[in-house]
Amino acid sequence: MNTARGMKLIFGRINHLKEQLFSPKNLLYTNIGISISLSGIGDVLEQQYEILKGEWDKWCFIRTRNMSISGMSIGIVCHYWYNFLDTRIVGRTIGIVLKKVIIDQLICSPLCISTFFLTLALLENNSLAEFKNEIRKKAYKLYVAEWVIWPPAQVINFYFLPTRYRVFYDSMISLGYDVYTSHVKYDVEICNR
């Protein structure tokens, strides 16, 4: 009896916390926190892999900090994007879901990739020429990967999930993508500049 009551109490508290975090009042902050955390974790995983391969000597805090801040930028963009998209295109039929997926890929994906590179260019004090060069050399790699990963993931996101869980789901899927993003971005180690 005590175990069942204890479990009920724990699940009740978890449910209350979930309702608070994903309430309209706190949703932006929740989405930003999730995006910051998972972007940072993705970078730590990529750096650890690079260290194990012998490409770098040690973990670079500045790189992880910058990737986390870029996650904040992307979290803000995605928060407002999903709210905008769901108010403009309402419904969950296959046709509507596919329409959202295509619009997401054609508008939000390039916007997120540009935001990612712009945020990091600002954090790294890159010139406009360096920013443009990096976009030219690296953005297409991320955009191609976006077309592989996101359409199937977004079908699930737009068909099954309410708007308030979209960034959370997106961030969970994005953890693997964040590892790849870190790899593409940092083919040159920032800590050795």
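Helices here are DSSP runs of H or I with at least four residues, numbered from the N terminus. Welcome to a predicted model, in which local features need pLDDT of at least 70, side-chain atom pairs count only at pLDDT 80 or more, and totals for chains, interfaces and linings use all residues. Residues are numbered from 1 along each chain as its sequence is written, and side-chain values use heavy atoms, leaving out hydrogens and water.

**View A. The largest cavity and its helices.** Helix 2 (27-52), helix 3 (61-88), helix 4 (94-123), helix 5 and helix 6 each supply at least two residues of this lining. A cavity is a set of points on a 1 Å grid over the protein atoms alone where a 1.4 Å probe fits but cannot get out, and lining residues have an atom within 4 Å of a point. The volume, meaning the space filled by probe spheres set on points joined across faces, edges and corners, is about 390 Å³. Of the 28 lining residues, Ile-74, Cys-112, Ser-174, Tyr-177 and Asp-178 lie nearest the centre.

**View B. Trp-150 meets Tyr-177.** These two form an edge-to-face aromatic pair, 6.3 Å centre to centre with 75° between the planes (rings of Phe, Tyr and Trp, the latter by its six-membered ring, pair if their centres lie within 6.5 Å; edge-to-face means planes over 60 degrees apart). Trp-150 lies in helix 5 (residues 128-160) and Tyr-177 in helix 6 (residues 166-185), so the pair ties together parts 27 residues apart in sequence. Both Trp-150 and Tyr-177 are buried (under 20% relative accessible area, 1.4 Å probe, protein chains only).

View C. Phe-116 and Phe-117 are both buried.

Conventions:
Buried < 20%, exposed > 50% of the residue type's maximum accessible area, 1.4 Å probe, protein only. Phe/Tyr/Trp six-rings, centres within 6.5 Å; stacked < 30°, edge-to-face > 60°. 1 Å grid on protein atoms, 1.4 Å probe; cavity = no way out; pocket = protein on both sides within 12 Å on 5 of 7 lines; lining within 4 Å.
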